[in-house]
Amino acid sequence: MDVLSYYLETYEACRKAFLSYKKQLKSKFARFDHECLEIPKGGGELDVYYLGEKKKPAKRLVIMSSGIHGVEGFAGSAFQRRWIEEFLLDDKSTYKLPKNSDFLILHGINAHGFKNFLRVNEKNVDLNRNFALKREKLHKKFKNKKYRKIQSFLNPGSEFGNFFFEYVFFIIRFLGVVIRFGAKYVLDAAVNGQYEFPKGIYYGGRKPEPVVRVLRKYFKKVLKPYDRILILDFHTGYGEKNGISLMQNAEKGSREDKNLKKVFGDFGLLLNEGEEDFYRTSGDFTDFFGKILAKEKDLFPITVELGTFGNLNVMGAIRGSFLMISENRIRFYGSKSESEADKVREEFKQMFYPNREDWRLAAMDHVFGIVPEAITRFSKL
Ligand SMILES: [Zn+2]
């Protein structure tokens with residue numbers, strides 16, 4: 001199959017294609033389960049395939065998840081379906097699928113965002129900032145003072161106007177804020193997430209979102225038999241143009257850090273979010289597992305990020321922030337003209353799901369240059 005044909009244009013098409021493998025998987029694997037997790041309060045449905053070569057659960061499990069950031073699910077879904085079709089189902093494949101590892105494939109964790117081309121969920125929550133929250137009241141450490149200081153810049157509370165003029169005005173304000181506070185300050189303020197402004201960007205919510213509660217319960221049940229768990233969480237948008245980065249949260253020297261080095265170390269792509277010069281996301285999905293599972297388990301959690309238009313240079317950072325801020329602004333405060341709002345929405349979509357063929361091919365090459373090999377290594381540890 002031409003790899004480009006894995007990329008589909010609507011949530012419904014992705015879901016239908018994902019579900020079309022059910023029968024074949026069921027007949028090929030000794031153990032197969034399709035669960036459709038209903039997420040209460042408008043969170044949609046989350047399809048999960050859980051399968052293995054033997055009737056009894058193996059000791060190792062590979063988790064592949066997509067769509068925590070809704071719109072990023074288009075690419076994630078394409079990778080998952082290619083994995084299923086060419087690696088799990090194709091008998092002529094030259095790849096030797098490890099018999100000692102089970103697979104758990106979660107399709108579209110944020111179904112609402114996926115359907116509507118949004119990063120956030122139905123409550124404007126960035127789920128990757130929400131997985132750390134417990135049932136208790138919000139902890140003090142989640143107060144982001146830097147964010148509060150530049151809140152009016154990040155979340156303008158007025159109608160959106162003309163795209164071009166808004167952009168020019170944004171650049172001027174952006175430079176003003178950077179000159180006043182410094183680039184690192186602004187980056188920290190924005191990307192670390194915040195838990196105070198429900199209408200703002202990078203909002204992590206006030207308590208665990210329904211999907212987090214559903215998954216906590218589900219994982220506690222399903223992950224019990226496994227000693228070793230590899231977690232591949234697919235994302236897009238961050239990083240060099242058409243590039244890939246592997247992002248980890250583990251503390252340097254920790255067991256998890258050592259685990260990850262064994263599997264991913266020599267790809268030369270590991271970025272440690274715990275390190276000083278790199279942003280740390282609190283409430284990350286990959287962190288979640290360490291929090292809910294027994295300490296004896298060996299975890300290998302990684303965020304697989306496919307860079308799209310390149311947001312690491314100054315112009316890229318400005319463009320990216322402008323789109324993030326404007327998309328959010330239009331949702332809450334509207335736009336003077338629908339066509340100007342459409343320009344923002346279209347560019348926003350391109351930032352996370354480009355229709356450029358060069359990007360789509362590069363993303364497939366990157367992911368399949370790493371994932372099969374990483375799974376083989378993991379199975380041999
Ligand atoms: Zn993401």
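Modeller: Two residues are in contact if their C-beta atoms, placed from the backbone, lie within 7 Å. The structure discussed here is a predicted model.

Colleague: What covers the buried residues of helix 11?

Modeller: Helix 11 spans residues 285-292, and its buried residues are Phe285, Thr286, Asp287 and Phe288. The elements that cover these buried residues include strand 3 (60-65), strand 5 and strand 8 (298-307).

Colleague: On the side of domain 1 that touches domain 2, how many residues are charged?

Modeller: The contact takes 11 residues from domain 1. By class, this side has 4 nonpolar and 5 polar residues, and the number of charged residues is 2.

Colleague: Are helix 7 and helix 12 roughly parallel or roughly perpendicular to each other?

Modeller: The axes of helix 7 (residues 163-181) and helix 12 (residues 314-333) come within 10 Å and cross at roughly 115°. Angles of 65 to 115 degrees count as roughly perpendicular. The two helices, helix 7 and helix 12, are therefore roughly perpendicular.

Colleague: Which residues of helix 12 make the contact with helix 7?

Modeller: Helix 7 passes helix 12 in a right-handed crossing. From helix 7, the contact uses Glu166, Tyr167, Phe170, Ile171 and Phe174. By class, this contact holds 6 nonpolar, 2 polar and 1 charged residues.

Colleague: Into which class do the residues of the contact of helix 7 with helix 8 fall: nonpolar, polar or charged?

Modeller: Helix 7 contributes Val177, Val178 and Phe181, while helix 8 contributes Ala183, Tyr185 and Val186. There are no polar and no charged residues among them, and the 6 residues of this contact are nonpolar.

Colleague: Does Val48 count as buried, partly exposed or exposed?

Modeller: Val48 lies in strand 2 (residues 44-52). A residue is buried if 20 or more other C-beta atoms lie within 10 Å of its own, and exposed if 12 or fewer do. Because Val48 has 19 C-beta neighbours inside 10 Å, Val48 counts as partly exposed.

Colleague: What distance separates the C-alpha atoms of Val48 and Leu37?

Modeller: Leaving aside neighbours within four places in sequence, Val48 is in contact with Glu35, Leu37, Leu104, Ile105 and Leu106. Val48 and Leu37 are 11 residues apart along the chain, and their C-alpha atoms are separated by 7.5 Å.

Colleague: In which loop does Tyr202 lie?

Modeller: The phi of Tyr202 is near 55°, a positive value in a residue other than glycine. With 24 other C-beta atoms within 10 Å, Tyr202 is buried. Its place is the loop between helix 8 (183-191) and helix 9 (210-222).

Colleague: Is Asn242 buried or exposed?

Modeller: Asn242 lies in the loop between strand 5 (228-237) and strand 6 (244-248). Although not a glycine, Asn242 has a positive phi of about 55°. With 20 C-beta neighbours inside 10 Å, Asn242 counts as buried.

Terms used:
Residues numbered from 1 in each chain as written. Predicted model: local features only at pLDDT ≥ 70, side-chain atom pairs only at ≥ 80, totals over all residues. Nonpolar A, V, L, I, M, F, W, Y, C, P; charged D, E, K, R; others polar. Axes fitted to C-alpha atoms, helices over the stretch in contact; angles between N-to-C directions. Helix = DSSP H or I, 4+ residues; strand = E, 2+ residues; numbered from the N terminus. Parallel < 35°, antiparallel > 145°, perpendicular 65-115°, else oblique. Left-handed = near helix turned anticlockwise from the far one by under 90°.
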